[in-house]
Each structure stands twice: as structure tokens, then as C-alpha cells.
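User: Hey, can you walk me through the pockets in this one? I'd like to know what lines them.

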Amino acid sequence: MPLLRTGDLDLYHQVVGEGDLEALIEWLGPAPAHVAGSSFGGSIALGLAARRPELFRSITVHEPPLVAIVADDPDALGQLRPTQASMDAVLAHLRKGEHRQGARQFVEEVAMGPGTWDRLPAAVRETFVHNAPTWLDEQSDPDRAKIDTDALARCAAPVLLSGGTRSPMWLATILDRLAAALPRARRGTVEGAGHIPHVTHPGRYADALTRFVRTS
């Protein structure tokens, strides 16, 4: 059974879609597979699990931004508003072809915090810039933040839903909704981390993922 890891930082990694993940699992074979994804990569994994649950031996997702499932929660939407404003500003840069400006604002205001851009290695900054059009394409998809929770409830694979203690509460609300929908969901916490534990706390995140996979 293969262990697959889907895209993480949307401006850092080229993110595969559900169809790509489906084809990769079937090509590597034999299914089912252990699949781990963070951020939009987690959304992709769960979206495929809703359609093809038989492909998954276990699923580990960290803070998938499936905001449509909290659209009825005014507190979550209020918490999301500053982040959405920053994302809208990033998209405005990208639509004008200002990929470097957009990538910098994404890193500083959405993903990693103020002052981070200048501390990143040059190669990492260039990867963000190079992949910026992919993030623009992703954000242009009207279904990017949706999930069929009724279909997801038919997924019998064990699922670890992790969040960071430094992440905004609206992400925790999404995880709560997903946990209620999935029959074998388990909540996990990465202490001291935020939205990108594989970058800020890689050892701690890898240990949690490995322990879950070994017991699934």
C-alpha cells in the first residue's frame, strides 16, 4: 500500500487535482493507499475520498480550507474575513501578472507571517513566484472550498484531522464539521504549529503522521 502526500503550500508546491491523485493511486497500486495532505492538498484528498472511498487505507489532512461547510457560522466567517481580504489582494496582483508581489503578500499575510519572505532561501522564493499562476487557477475554481459531506460519510477509512495551536479558529471549526461527517475521524493537534507544520515543525508533524499510519 503506497503512502502518498499531496500538495501543501498552494504557492509553493504544484498541487495535483482529484483526478491526478486518483490516477496516481491506481498507477502505483495496489489500492488502498495511505494518503496525507495539508491545506488544499487535504481538500483534494477528502474530495476524492467522497467519490472513491475504496482507494484509501487511511487519510491524514491538516487544516483543509473547505470554508463552504462553515458558511452558516457567522463567527467562523467573521474570523475568516481578514484572511480573505489578504487573499483577494494577492489575487489582484496575480491577475495583473504581478507574481512576485502576490507571492510575497501570500507568504507574509496568509501563510507564514510578517517578515518571513526575506528570511526564505532564494530558491524557495522563486518557487513561490513560479507557482503563483497555479494558485490563481485554483482560486478561480468555484468548487474549491466545497465538500459533499453526505458522500464523505460513506468513507470508512480512518481519518486524522490535525490542526495547529497557532492557527485561526475558523480552521478548527472546519475540522469540527469534518469530524462530525466522517465515521472514523480522529482529531489531532500539532503543538506550537500553525497552518504549515511540515515547514515549521517537520519532526513533530512527521511523528504524528507516522504514528497514525502505523496504527491504521
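User: Which helix gives the largest share of the lining of the largest pocket?

Analyst: That's α4, with five residues. Keep in mind that this is a predicted model.

User: Where does α4 run, and which other helices supply at least two residues there?

Analyst: α4 covers 99–111. The others are α3 (74–95), α6 (122–139) and α8 (169–181), each giving at least two residues to that lining.

User: How many residues line the largest pocket, and which lie nearest its centre?

Analyst: There are 36 lining residues, and T83, V110, A111, L171 and H195 lie nearest the centre.

User: And how much space is in there?

Analyst: About 700 Å³ for the largest pocket.

User: What's the lining like by class?

Analyst: The largest pocket has 18 nonpolar, 12 polar and six charged residues in its lining.

User: OK, switching to the second largest pocket. How much space does that one have?

Analyst: About 360 Å³. The second largest pocket is lined by 20 residues.

User: Which of those lie nearest the centre?

Analyst: E18, F40, I44, D141 and R144.

User: What about helices, which ones supply at least two residues to that lining?

Analyst: α2 (40–51) and α6 do. The largest share comes from α2, which puts in six residues.

Terms used: Residues are numbered from 1 along each chain as its sequence is written. This is a predicted model: local features need pLDDT of at least 70, side-chain atom pairs count only at pLDDT 80 or more; totals for chains, interfaces and linings use all residues. Side-chain values use heavy atoms; hydrogens and water are left out. On a 1 Å grid over the protein atoms alone, a cavity is a set of points where a 1.4 Å probe fits but cannot get out, and a pocket is an open set with protein on both sides within 12 Å along at least five of seven lines; lining residues have an atom within 4 Å of a point. Grid points are joined across faces, edges and corners, and a volume is the space filled by probe spheres set on the points. Helices (H or I, at least four residues) and strands (E, at least two) are DSSP runs, numbered from the N terminus. Ala, Val, Leu, Ile, Met, Phe, Trp, Tyr, Cys and Pro count as nonpolar, Asp, Glu, Lys and Arg as charged, and the others, Gly among them, as polar.
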